[in-house]
Protein chains: 2
Amino acid sequence: MAAAEFWYEFASTYSYPAAMRAASLAKARAVELTWRPFLLGPIFVANGWRDSPFNIYPAKGRYMWRDLERICDALDLPLRRPDPFPQNSLLAARVALTLDGEERVEFSRRVYAAEFGEGLPIADRATLAILLAKLGLDPGGVFARAEDGANKARLKAESARAAELGIIGAPCLVTEDGEVFWGNDRLEQGLDWAASQRA
Amino acid sequence: MAAAEFWYEFASTYSYPAAMRAASLAKARAVELTWRPFLLGPIFVANGWRDSPFNIYPAKGRYMWRDLERICDALDLPLRRPDPFPQNSLLAARVALTLDGEERVEFSRRVYAAEFGEGLPIADRATLAILLAKLGLDPGGVFARAEDGANKARLKAESARAAELGIIGAPCLVTEDGEVFWGNDRLEQGLDWAASQRA
């Protein structure tokens, strides 16, 4: 089966529609998708950005919010702007990394739905605890594993790996031959590429 | 007939495939397209950028060139990286602005083909003179009109208008109701939007 990696950052706006679309688009092409949460922060800091470029460059931010609104309208996805933006995504990313397979996928989608569909604060432990409980998981146990030193180090390594791969934003679709497709609008192209590698 | 504006910058890489696709995509949707050359420089300077962001942020530049390569491969468009990048696009933009209708469209497409298809220096008067002559135009006369004070002022006004519209990069498709669609990858969406305004 063809395979690809879906790299996403919970603070990233365009990762929201991508996370909602990725699984079905991959299934339609028989591409096995590995979901890889990471932090964009270190990559942005390397560019000298201490905030989201959508805040640093206000015209870019205005464009992005309108563009995202049109995208969500077309997909019939609710959109609420979280405040503050960007949300601190550290705990959500650590939690996602402790979960495997479908649990990670489902948790991640629910984080995006809470953050950008309902405008809930995903930096708050309480928000994530409710999502975990709804998945039948024990929030206390999950948080303990998420904040274990080994898991923290693993997330750092994932972010370093993202930079090595040439990832400069989120979401990104990365194929087995190392091609990087950046953006919600490149999902189909990246998955088509992955599917074409099957032979 | 539905209408839209195609805003483009001759130094912009993604404007190349967009310029090659725009006319046929617009025709297929019965959208009348006005081609509006402008300069991104003033908009970039307002962001504090004195060079292309693809040069300022090397990882972003590496991604863009590979992305563009894939896009051009898929469209069967030749791609040669002009040196230096970005090319100074001032004269080409001034010339394009003096031409009307199909002449502007054809000149603009030929500038992109020379610059990114053949790697020719479009900042050189000689390169543009050859393109103008091939269109049956008198290069000397066109350059004189291009460098007339009124035309220079007109180009400045076009770039100021672009910023007012919320344009933050090139190419952009702008619809009659003021929606801005940024990027070669938003052409179809923008033209669909324009077509839907017909009623």
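Visitor: In this predicted model, is B:Cys72 buried or exposed?

Guide: A residue counts as buried when its relative accessible area is under 20%. For B:Cys72 the value is 1%, so this cysteine is buried. In chain A, A:Cys172 is likewise buried, with a relative accessible area of 1%.

Visitor: How many disulfides are found over all chains?

Guide: A disulfide requires two cysteine sulfur atoms within 2.5 Å. A search of the whole structure finds 0. The closest cysteine sulfur to that of B:Cys72 belongs to B:Cys172 and is 18 Å away, which is too far for a bond. In chain A, the sulfur of A:Cys172 has its closest cysteine sulfur in A:Cys72, at 18 Å, again too far for a bond.

Visitor: What is the arrangement of the rings of B:Tyr8 and B:Tyr112?

Guide: Their centres are 6.2 Å apart and their planes stand at 55°, so this pair is tilted. B:Tyr8 lies in strand S1 (residues 2–8) of chain B and B:Tyr112 in helix H6 (residues 101–117), 104 residues apart. Both B:Tyr8 and B:Tyr112 are buried.

Visitor: Which residue lies over the face of A:Phe181?

Guide: Here the feature to look for is a charged end placed over a ring. B:Arg70 lies over the face of A:Phe181, 3.8 Å from the ring centre. Within chain B, the charged end of B:Arg125 sits over the ring of B:Phe143, at 5.0 Å from its centre.

Visitor: What rotation superposes chain B on chain A?

Guide: Two copies of a chain are related by a rotation about an axis and a shift along it. In this structure the rotation is 180° and the shift along the axis is 0.0 Å, with an RMSD of 0.0 Å. That is the relation of a two-fold axis. Among the residues of chain B, B:Asp185 comes closest to the rotation axis, at 3.8 Å (C-alpha). Of the interface residues of chain B, 100% are also interface residues in chain A, so the copies meet through the same surface.

Conventions. Residues are numbered from 1 along each chain as its sequence is written. Chains are lettered from A and ligands numbered from 1 in the order in which they are written. This is a predicted model: local features need pLDDT of at least 70, side-chain atom pairs count only at pLDDT 80 or more; totals for chains, interfaces and linings use all residues. Side-chain values use heavy atoms; hydrogens and water are left out. Copies are superposed by least squares on the C-alpha atoms of residues with pLDDT of at least 70 in both. Contact means heavy atoms within 4.5 Å. Buried means under 20% relative accessible area, exposed over 50%, partly exposed in between (1.4 Å probe, protein chains only). Rings of Phe, Tyr and Trp (its six-membered ring) pair if their centres lie within 6.5 Å; planes under 30 degrees apart count as stacked, over 60 as edge-to-face and the rest as tilted. Helices (H or I, at least four residues) and strands (E, at least two) are DSSP runs, numbered from the N terminus. A charge sits over a ring if NZ of Lys or CZ of Arg is within 6 Å of the ring centre and within 35 degrees of the ring normal.
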